[in-house]
Amino acid sequence: MGDKPATKGRPATKARSGARRSRPASTPAGEAALQGSAQEPEFVQLLTPEGERVEHPDYSVDFTDEQLQGLYRDLVIVRRLDLESTALQRQGHLAIWASLEGQEAAQIGSGRALRKQDMAFPTYREHGVLWCRGVDPTAPHGLFRGNDHGDWDPAEHNANLYTLVIGAQTLHAVGYAMGINYDGKVGSDDGEASIVYFGDGASSQGDVHEACVFAGVYHAPVVFFCQNNQYAISEPVERQTRTPIYQRAAGYGFPGVRVDGNDVLACYAVARHALDAARHGQGPTLIEAYTYRMGAHTTTDDPTRYRTGSEVESWKQRDPITRMRTYLAKAGIGDDDFFASVDADADRITGRLREFVIGLPDPDPSRLFEHVYAEESPLQDAERAWFEQYQSSFVGEGAH
Amino acid sequence: MAKQQGPLTGTQTLTIGKALNLGLRRALEDDPKVLLMGEDVGRLGGVFRITDGLQKDFGEDRVLDSPLAEAGIVGTAIGLAMRGYRPVCEMQFDGFSYPAFDQVTNQLAKMHYRSRGRITLPVVIRIPFGGGIGSVEHHSESPETYYMHTAGLKVVTPSTAVDAYFMIQQAIRSNDPVIFLEPKARYYEKGEVDLDAPVTAAEPLHRSRVVRAGTDATVVGYGPTMRVLRDSADAAAEDGRSLELVDLRTLSPLDLDPVYESVKRTGRLVVVHEAPTNLGPAAEVAARVQSECFYSLEAPVQRVTGFDTPYPASKLEEHFLPDLDRVLDAVDRTFSY
Ligand SMILES: Cc1ncc(C[n+]2csc(CCOP(=O)(O)OP(=O)(O)O)c2C)c(N)n1
């Protein structure tokens, strides 16, 4: 176990805890937390920012060429979809957009680590996770346009709706995982797990603490996947915690591990490991994916008010896509034709998104009163009847 | 929002947002025990910039960028208040005041009662509330009913720049916990404010006010709906109908004397709010008016409110929110009896 941080280009040392299931709570609390962007923190890394493949004793995965190509393709497509969504917002087709730029590796790595039977609980920025779950890439746009509150079927794709109230979904994921336990769906490769996404800011919420307590107590097959993108809107992570987030796991009695969140291979490996542990009945894991939000918090935010251009620039050097592309090219896994075909795919899918969003009709007003309850709802029925009658009173009346 | 330099003085045209900012600034100057706390309120100046420039001028110990935890903000504010501070908490949006609900309703509201008056908690909780800003869910809630329903809390809401400037200072001076509801869709509405007027000379915090005299019907609103009321009164005047408008300003305690007085003259009452109908503020106003003004009423009290649904996606909010047409329709109804 290294005492020094992994520096660029050097193999990462093992994360402080989490590797060994037999001693899950071995997180030394006093260890100097390496925060901020001046130094690389200690984390699991399999692909350096320079695109060099490195090994890790606990997290080795034999990726096939096809898999590696697939991961690259995912990264490129979700970034392109994201950039297009930001553009659509600027052009007035979306009310707001929460960009994932910079966090592609964390989302694709963990998203692809999920097995079909696993359940994902996203926040509002996990467009890359939805992509991995097979949710149509246009699905979140109804929410961000103001048409709906998220209009995909969570059960169809095993991907829950977005949750905008910070941290609330962590408890849902734990409860879901408790249900997996009670259904006896753990203990084999066919076992199930849930994964919940949340931010560094969310780690301060009471709900998240309670979720960890429940997960620990009930030994729930859940993976807490915290994308530490260094900011909660304007507040740097130092406003949330003095210890690295992954080290909190020890206090709840399960392993915590920090991974290079801009390294798609490491994110895949660490998440796969944690998910498989969960499905085999070994309980929860907290993963902290150390990454950076390259863009604004949302399109309404102005990040120049609270962070420097040089900080953003330094993170550009650790871009998740560039390093993967360098690696694939050097290793002869991707040639120019391959990269061009990925770009062409991205063009096609992005074009479809644009067309869809621009063509999205306004919702019918009657939707207002639908689905408030699963069973009878006389109050809403009466209000709907009044509303419809009121609406019809305007027909042919001209401007009021 | 331009940064205020030097002493604040004279009569200025201010937005409601800027008036709040200056009111907070004045409160920080007047009393070293006043603290501001909330998410992004320091460096960023809040997502609506209501606290813009205050951390820079008063320091990180007076304007605290708090961890992202609403129960934590209110709970620690309670402790700070027990230590003699006067915390002003910002909830970033209405929907995010709910994670603090236990601390507000079980703790903040009840401490004075439980301690038989030995503990006072002069805590202000600022909540940008209401809809109409085209945002995503949880950003357009009208939570006033929950807070009005909770004994021990005071609830107020300004609808003009003048009220914003003085009411925030009065709320901070209050020894009771005050839920301070800011009509976020109106932050950019402007008004003339005399910044030199002493806060002690301002209209008392817990007073309702007739803001436009009229003779044919009384229309009551507060906060975000006051603009709808003014527009409705203008339109009604063109049709030859004179509406009297009351701005409640204080939702707890309610101050309904001006409403009773008005209804006794007009005989007709319409109450308007964005919060859903069921058990909403209008229900309380209607119940009290029917018992106080029974013989003066020419028609049943009409309510124009949000529907009893979750707040809809923003493309539907125009149908959810009370507007001029719905107010005038309700006024018409009071004339059909
Ligand atoms: C309970 C709650 N409080 C406040 C907010 C407003 N808000 C939206 S995003 C955000 C910051 C979230 O930061 P983090 O958890 O780090 O996630 P990130 O947005 O960086 O992905 C805040 C304060 C909210 N959505 N929910």
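This note goes through strands, helices, salt bridges and domains in a predicted model.

1. Strand 7 of chain A. This strand covers residues 285–290, and six of its six residues are buried. A:Thr285, A:Ile287 and A:Ala289 point one way from the strand, while A:Leu286, A:Glu288 and A:Tyr290 point the other way. In a regular strand, side chains alternate between the two faces of the sheet. Residues on both sides of strand 7 of chain A are buried, A:Glu288 among them.

2. Neighbours of strand 7 in chain A. Strand 3 of chain A (residues 222–228) runs parallel to strand 7 of chain A, and six bridges join the two. A:Gln227 has A:Ala289 as its bridge partner in strand 7 of chain A. Strand 6 of chain A (residues 256–260) also runs parallel to strand 7 of chain A and is joined to it by five bridges. Here A:Gly256 is paired with A:Leu286 as its bridge partner.

3. Helix 9 of chain A, residues 264–279, forms a β-α-β unit with strand 6 and strand 7 of chain A, and the unit is right-handed. The strands of this unit are the parallel pair with five bridges described in the previous point.

4. Helix 2 of chain A. This helix spans residues 104–113 and is largely enclosed by the rest of the structure, because nine of its ten residues are buried. Among the buried residues are A:Glu104, A:Gln107 and A:Ser110. The buried set also includes A:Ala105, A:Ala106, A:Ile108, A:Gly109, A:Gly111 and A:Ala113.

5. A salt bridge between two helices of chain A. The count over all chains is 36 salt bridges. One of them joins A:Arg80 and A:Asp347, with the closest N and O atoms 2.8 Å apart. A:Arg80 lies in helix 1 of chain A (residues 65–90) and A:Asp347 in helix 12 of chain A (residues 336–359), so the pair ties together parts that are 267 residues apart in sequence. Are these two residues buried or partly exposed? A:Arg80 counts as partly exposed, at 27% relative accessibility. A:Asp347 is partly exposed as well, with a relative accessible area of 44%.

6. Two salt bridges of chain B. B:Lys154 and B:Asp176 meet through their side chains in a salt bridge of 2.6 Å, N to O. B:Lys154 lies in strand 6 of chain B (residues 154–156), and B:Asp176 in the loop between helix 7 (161–173) and strand 7 (178–183) of chain B, so the pair ties together parts that are 22 residues apart in sequence. The relative accessible area of B:Lys154 is 23%, which makes it partly exposed. B:Asp176 is partly exposed at 25%. A salt bridge also links the side chains of B:Arg209 and B:Glu203, at 2.7 Å from N to O. B:Arg209 is partly exposed, with a relative accessible area of 22%, and B:Glu203 is partly exposed at 29%.

7. A salt-bridge network in chain A. A:Arg115, A:Asp118, A:Asp276 and A:Arg279 belong to one network, joined by salt bridges that share partners.

8. Strand 4 of chain B. Residues 86–90 make up this strand, and five of its five residues are buried. B:Arg86, B:Val88 and B:Glu90 point one way from the strand, and B:Pro87 and B:Cys89 point the other way.

9. Neighbours of strand 4 in chain B. Strand 2 of chain B (residues 34–38) is joined to strand 4 of chain B by five bridges, and the two run parallel. B:Leu36 has B:Val88 as its bridge partner there. Three bridges join strand 4 of chain B to strand 5 of chain B (residues 124–129), again in parallel. In strand 5 of chain B, B:Val124 is the bridge partner of B:Val88.

10. Domains of chain B. How many residues of domain 1 of chain B are in contact with domain 2 of chain B? The assignment gives domain 1 as 11–201 and domain 2 as 209–335. The C-alpha centres of these domains of chain B lie 26 Å apart. In the contact between them, 26 residues of domain 1 of chain B meet 23 residues of domain 2 of chain B.

11. The annotated region of chain B. An unreviewed UniProt entry places the feature "domain: Transketolase-like pyrimidine-binding" at residues 14–189 of chain B. Over those residues the chain is 36% helix and 17% strand. The end C-alpha atoms of residues 14–189 of chain B are 8 Å apart.

Methods:
Residues numbered from 1 in each chain as written. Chains lettered and ligands numbered in written order. Predicted model: local features only at pLDDT ≥ 70, side-chain atom pairs only at ≥ 80, totals over all residues. Heavy atoms only, no water. Buried < 20%, exposed > 50% of the residue type's maximum accessible area, 1.4 Å probe, protein only. Helix = DSSP H or I, 4+ residues; strand = E, 2+ residues; numbered from the N terminus. Pairing = 2+ DSSP bridges. Right-handed = clockwise from strand over helix to strand, strands pointing away. UniProt positions renumbered as here; feature names shortened; annotations may be inferred. Salt bridge = Lys/Arg side-chain N within 4 Å of Asp/Glu carboxyl O. Domains from an automatic or database assignment. Contact = heavy atoms within 4.5 Å.
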